[in-house]
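Here are my notes on the model you sent. They are set out as numbered points, so that each can be checked against the coordinates in turn.

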Amino acid sequence: MVRILSDADIRQILTMDDAIRWMRTAFRDLSSGAARVPVRSFTAMPELGAGLLSMPAFRSSDSLLAIKLITLHDRNPPLGLPRSRATVLVIDAEHGQVHGILDGDYLTAVRTGAGSGLATDLLASPDSKVVAMFGAGKQAEAQLEAVCAVRPIKTAYVYARSAASAEAFAARMQGRVLVDIVPQAARSRIAEADVVCTATTSNTPVFSDEELGPRVHINGVGSYTPTMAEVPPETVARSFVVVDQREACLAEAGDLIQAIDAGLLTRDKVETELGDLVANDHAPAPADFAGHDISFFKSVGNAIQDLAVASRLLKIAEDVGIGEL
C-alpha cells in the first residue's frame, strides 16, 4: 500500500529537532558505507528551459531505497510558478514495492537545515549567540531555525539581494525563532558573528574573508555546481573543512573546486565528512582545528538525508493516520 504525503501533511509532523536527530544516523551511515549514494545525475531539457535532477540513496540496514526527483524550470518564475519542484519516493529495495510518495519541497528545506544544525552542534562554539545569514528564501529560513535549535542564538543579521527581501524574511521568521532579527545590518556587524550561514544561488562570494571575526563556524549550502561559490577561496583555505560527502563535494561544490583550482586548497584537505565526526562521537573544539580558527561545513545536499527523513515521516504518518492511501 502506497502512502502519499502532501506538503501540508509533512508540515504537520516534521520538526527541526527530529530532523537534526535523524541526521546523526543518516550521516554516520553515509560515511561508514552502510548507505550508498551516487553523485546525483542531471538531465538537461534546454528546449524547455528545464532540467531534471535524480538523487537515489540505498540504506542496507533496512533495505530501503529512496529517490528524489527535482525538476527545474527557468521559465516558471515569470509565470508566478516555482522554479523547482521535488518529489521523494521511498521503496522496499528487496522487493521493489513503493512505500510512499512525498512532496519534497518543505522536506528538502528542513533536511538541509538539519544537516547544518548537526554541523553547528558539532563544530560551533557552545556559547554562539550571533548569526550572519546570507539569503532570504526557504533554505535560509531552515538554516536559521536549525542553528537556533542547537545554540543559544540571540541575534541574527540578515543579508539579501534587497532590503525588501531581508525585511520580508525577518517578518516571516518572527515567532518561529526567538531571536532579534536585523535585516540588512551594516556589513561591519558580520565580524560579530559566531556562525555564518550562506543559502544563496550566488556565483561569487557573498562576503569577504576580511569581514569575518575570529573563531567562526560557517555553513555553506547554496552552491551546488562548480561555477557557484558563496564563500571566498581565501576563507576556505584557512578553514577546517567538513563536507556532507567527499565525492559529491569534490565534483560539485564550487566553493571547494575554485579554491583548489586557485592553488589555495588541496584535495587531500577535503577529507573529513560530517558522518566521521558523528561516528567518532567527538568533534574538535575550535582551538583544535589543526591550526585553523574557522570551521566550514560544505553541503551540496545528499539523498541519504531525504531517505532518513522520508522513511521516518512515513512511519509517523501511519501511526497518526495522515496522508492518502
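**Notes on the predicted model**

1. Leu89 has Ile101 in β7 as its bridge partner. The two strands concerned, β6 and β7 (residues 98-103), run antiparallel and are joined by five bridges. Together β6 and β7 make a hairpin, with five residues between them. In the turn sits Gly96, whose phi is positive at about 85°. Please keep in mind throughout that this is a predicted model.

2. Strand β6 (residues 84-92) also pairs with β5, again in the antiparallel sense, and here the pairing runs over nine bridges. Within this pairing, Leu69 is placed opposite Thr87 in β6.

3. Ser63 is not a glycine, yet its phi is positive, at about 50°. The residue belongs to the loop between β4 (50-59) and β5 (64-73).

4. A second case is Arg215, a residue other than glycine with a positive phi near 50°. Arg215 is located in the loop between β11 and β12.

5. Next, the parallel sheet. How many strands form the open sheet, and in what order? There are eight, arranged as β10-β9-β8-β11-β12-β15-β13-β14, with parallel pairing. The edges are taken by β10 (180-183) and β14 (272-273). Each of these has a single partner strand, which means that one side of each lacks a neighbour in the sheet.

6. Inside that order, β12 (residues 216-220) pairs with β15 (residues 294-298) in the parallel sense over five bridges. Ile218 stands opposite Phe296 in β15. Helix α5 packs on the sheet and touches β8 (130-134), β9 (155-159) and β10. The direction of α5 makes about 165° with that of β10.

7. Helix α5 spans residues 163-173 and includes Ala168. Is Ala168 buried, partly exposed or exposed? Its relative accessible area is 34%, so Ala168 is partly exposed. As a distance check, Ala168 and Ser41 are 34 Å apart in space, C-alpha to C-alpha, and 127 residues apart in sequence.

8. The structure holds two aromatic pairs. In one of them, the ring centres of Phe134 and Tyr159 are 5.0 Å apart and the planes lie at 20°; the pair is classed as stacked because planes under 30 degrees apart count as such. This pair links distant parts of the chain, Phe134 being in strand β8 and Tyr159 in strand β9, 25 residues apart. Both Phe134 and Tyr159 are buried.

9. Phe134 also forms an aromatic pair with Phe207, and this one is tilted, with 5.6 Å centre to centre and 40° between the planes. This pair too links distant parts of the chain: Phe134 lies in strand β8 and Phe207 in the loop between β11 (195-198) and β12, 73 residues apart. The relative accessible area is 3% for Phe134, so Phe134 is buried. For Phe207 the value is 4%, so Phe207 is buried. Phe134, Tyr159 and Phe207 form one aromatic cluster.

10. Last, a helix pair. Two packed helices are described by the angle between their axes and the distance between the axes. For helix α3 (residues 105-123) and helix α4 (residues 138-150), the axes come within 8 Å and cross at roughly 35°. The crossing of α3 past α4 is right-handed.

11. Which residues meet where α3 and α4 touch? On the α3 side they include Thr108, Ala109, Val110, Thr112 and Gly113. Further along α3, Ala114, Ser116, Gly117, Thr120 and Asp121 are also among them. On the α4 side the residues are Lys138, Gln139, Ala142, Gln143, Ala146, Val147 and Val150. By type, the residues of this contact between α3 and α4 divide into seven nonpolar, eight polar and two charged.

Technical notes. Residues numbered from 1 in each chain as written. Predicted model: local features only at pLDDT ≥ 70, side-chain atom pairs only at ≥ 80, totals over all residues. Heavy atoms only, no water. Helix = DSSP H or I, 4+ residues; strand = E, 2+ residues; numbered from the N terminus. Buried < 20%, exposed > 50% of the residue type's maximum accessible area, 1.4 Å probe, protein only. Axes fitted to C-alpha atoms, helices over the stretch in contact; angles between N-to-C directions. Left-handed = near helix turned anticlockwise from the far one by under 90°. Contact = heavy atoms within 4.5 Å. Nonpolar A, V, L, I, M, F, W, Y, C, P; charged D, E, K, R; others polar. Pairing = 2+ DSSP bridges. Phe/Tyr/Trp six-rings, centres within 6.5 Å; stacked < 30°, edge-to-face > 60°.
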